[in-house]
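Subject: Structure handover

Hello,

Please find the structure below. My notes on it follow.

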Amino acid sequence: MPIRKNAFSLALSVAMTLGSAQAVTNITVWYPWGPPDGQAVVDRANEFNAAQSDIHVNAVLVSGSGIQGTTQGKFLTSVTSGQVPDAVLYWGQDVIPGLANLGALEPLDGYFAGSGLKPATINPAALNAMKVGGKTYGIPQMSSDLMLYYNKAMFKAAGLQPPRTLAELDAAAEKLTVKNGNDVSRMGFIPWLQQGLPLVWSGIFGGTGKLVDASGKVNVSNSGTLKALQWEAKYVQKYGAANLTRFISSIGSTTGSSASDPFLLGKVAMEVNGQWHGNYLKRYKPDLDYGVVPIPYPVGGTPNATWINSNAWLIPKGSKNPLAAMKFIAFTSQVAVSAKHADAVYNISPIIGASKLQKTLDQPAVKLANQLFGSKNVFTSPVTPQILNLQNELTTAFEAVQQGSSTPEAALAAAQKNLDQSK
Amino acid sequence: MSMTVGPSAPLSVQARKRKKFWNSLGLGLLFVSPWLIGFLTLTLYPFFSSLYYSFTSYNILSPARWIGLENYQKLMSDTKFMASIGNTLYYTVIAVPLGVVLAVSLALLYNQKLPGNRLFRTLMYVPLIVPPVATALLWQWIFNPQVGLLNALLARIGVVGPTWLGDPHWSKISLIIIAQWGVGGSVLLLLAALQDVPRPLYEAAEIDGANLWHKFVHVTLPMISPVVLFISITGIINSFQVFTEAFIVSGGEGGPVNSTLFYSLYLFQQGFRYFHMGYASAMAWLLFLAVLIVTLIVFRTSARWVIYDRS
């Protein structure tokens, strides 16, 4: 009898567990980073799970969220097989037009009302950069913009003021360059280090907005992009392609924030980077005396111009619980929650009003990034399904000039030809 | 109705043999089935479906659309495709002969009775157990133009070393040097072949007045020629497919200025970055045909220089 009684109570408890499990909607969310940025996402999931009992979020680390990096292809494989996560956090916005064009993303416009997320609460520039063909395919999660970092001690020693225009920047760069025999031991500035990407300089010269015309045709040899490349070519002429390449190849990591960043190590006096870089400088060289200013502008250009870029929440096609996923996204997009998140990762919240609550605003880079974010001269990457190919061709064209193996005109013409062919 | 048919009728000798044949075949198939199923579903099926996809426009998510020879036609006017072929041929033409000469030289050296021979034979094989990604990262440091090992050694003899991986004129040479690091595998095969060369052949040659060079050209080389052929063919196939090191040192871009954009890297970019799966499939089939043709040519000409019969 006791056995039967136990069996009965066991069955009852199983039934009750199942009953309560049915009421909870379990959703899976992929996020792209390890700590500290990844931990912040896990923290939001835990808070959401504690705050309500209808939806349970299971946050899973998938490098690059299966879209870029080592797990590239995992996202598309999941969409093709129908075994998709309910939402994916991606570390940028460049893949959105391509994925939307493939039909791999769920349009989100229909879920705003049901989830309680109001589009009007999101920074319009950040949100519009995630629209393709009038439909919204991503929700900005955190935003970033770029600025010029300069080494205050080096500027002081040379009797220089932080540059406002590109002419001032070029002059400071020359004065701050230190040679040691044939080798350069310190460069004042190299435009294409770290975040000095072709799309960024093209935008500073007014070219990024013209990379894709109204009919959708890609035009990489537009006047802004050409001027940007001609300006970079002056650095090649002044310092020598071989010397520059030699210097860059020997200074460690030049494409991402790390402890071996050349600005952090004093190898360069200035560098274009995002506000998140301040977090790395604080961690790896807390005594570094640096300042930040907006990226200097060319003759005929506009002050306070910068490239803004946001991480995106995406809902893959085939998601079993898109509305539940959207409710979680709505939770993370509340003013106070988003501000707290931005503080944890040195980003700018794209939620209107949230940046005012950020505690990290006392950090110079975060403060400037926040000011620039409201500037009317910000620009984003062009929204085109060809964006990855476009970036690749621009990189090759800019590299050819930086290596001294091509003229700006010829390099862009070659890139245009390749893009026309691959259409 | 024949006597042998029917449930209770005894089986004829022939039928019993047939039954035994099918039983053993069935048992054999059962034993190889893990491999067989994997081969059919994960190799043979994708192999032929990629042939079909090469005639389509296909992006994984929407159904493939038949476009006939369009992918192949487009490839013929694709400048990056042509550049990738040029890069791959440049790499193959230098890396494979260099690899063979280096392997034969090292094998001859290791075949001598020298002190520390065993230690060196072991050391030589070590690079092969290092994963290719780690190898590429290690060599990035060796090739560092200002603080790298290689340029530091060159500076000792008064030579200013190049920028290596950062310079489009040197980046392919750098990758060829990296490839030579894995020469140990070939050396091991050649050592086995060298130790198989019958001693009496050398003795006979010595009696005929052959010197060291004659013995090498007329005895050693012919006797190890089947292994040299094997190394050459696998070397060509591997070079045609070179990918990992170029992917790592160029961050997947094939730079600087497309100088390390090898065939497989461009194929990967088309397939997995731009999702032009039909185009990538067409590239894969052209690569397959190229490898097949080159291998056949090497085999045909090998009749003139490879000696199989040892009796």
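A salt bridge here is a side-chain nitrogen of Lys or Arg within 4 Å of a carboxyl oxygen of Asp or Glu. By that rule, the whole structure has eight salt bridges over all chains. This is a predicted model, in which local features need pLDDT of at least 70 and side-chain atom pairs count only at pLDDT 80 or more, while totals for chains, interfaces and linings use all residues. Residues are numbered from 1 along each chain as its sequence is written, chains are lettered from A and ligands numbered from 1 in the order in which they are written, and side-chain values use heavy atoms, with hydrogens and water left out.

One of the salt bridges joins E174(A) and K238(A), at 3.2 Å from N to O. E174(A) lies in helix α8 (residues 166-176) of chain A and K238(A) in helix α10 (residues 223-239) of chain A, so the pair links parts of the chain 64 residues apart. Helices (H or I, at least four residues) and strands (E, at least two) are DSSP runs, numbered from the N terminus.

Now the interface. Contact (heavy atoms within 4.5 Å) takes in 30 residues of chain A and 32 residues of chain B. The two chains bury about 2500 Å² between them, 52% of it on carbon and sulfur atoms; buried area is the accessible area (1.4 Å probe) lost when two parts are put together, summed over both. L102(A), R246(A) and N392(A) supply 24% of the area that chain A buries against chain B, more than any other three residues.

There is one salt bridge between chain A and chain B: E393(A) pairs with K80(B), the closest N and O atoms being 3.0 Å apart. On the side of chain A that touches chain B, α16(A) gives the most, with seven residues.

Within chain B, helix α3 (residues 79-110) and helix α7 (residues 171-180) pack at an angle of about 35°, with axes 10 Å apart. Axes are lines fitted to C-alpha atoms, for helices over the stretch in contact, and angles run from 0 to 180 degrees between N-to-C directions. Residues in this contact include Y90(B) and L98(B) of α3(B), and I173(B) and I176(B) of α7(B).

Regards
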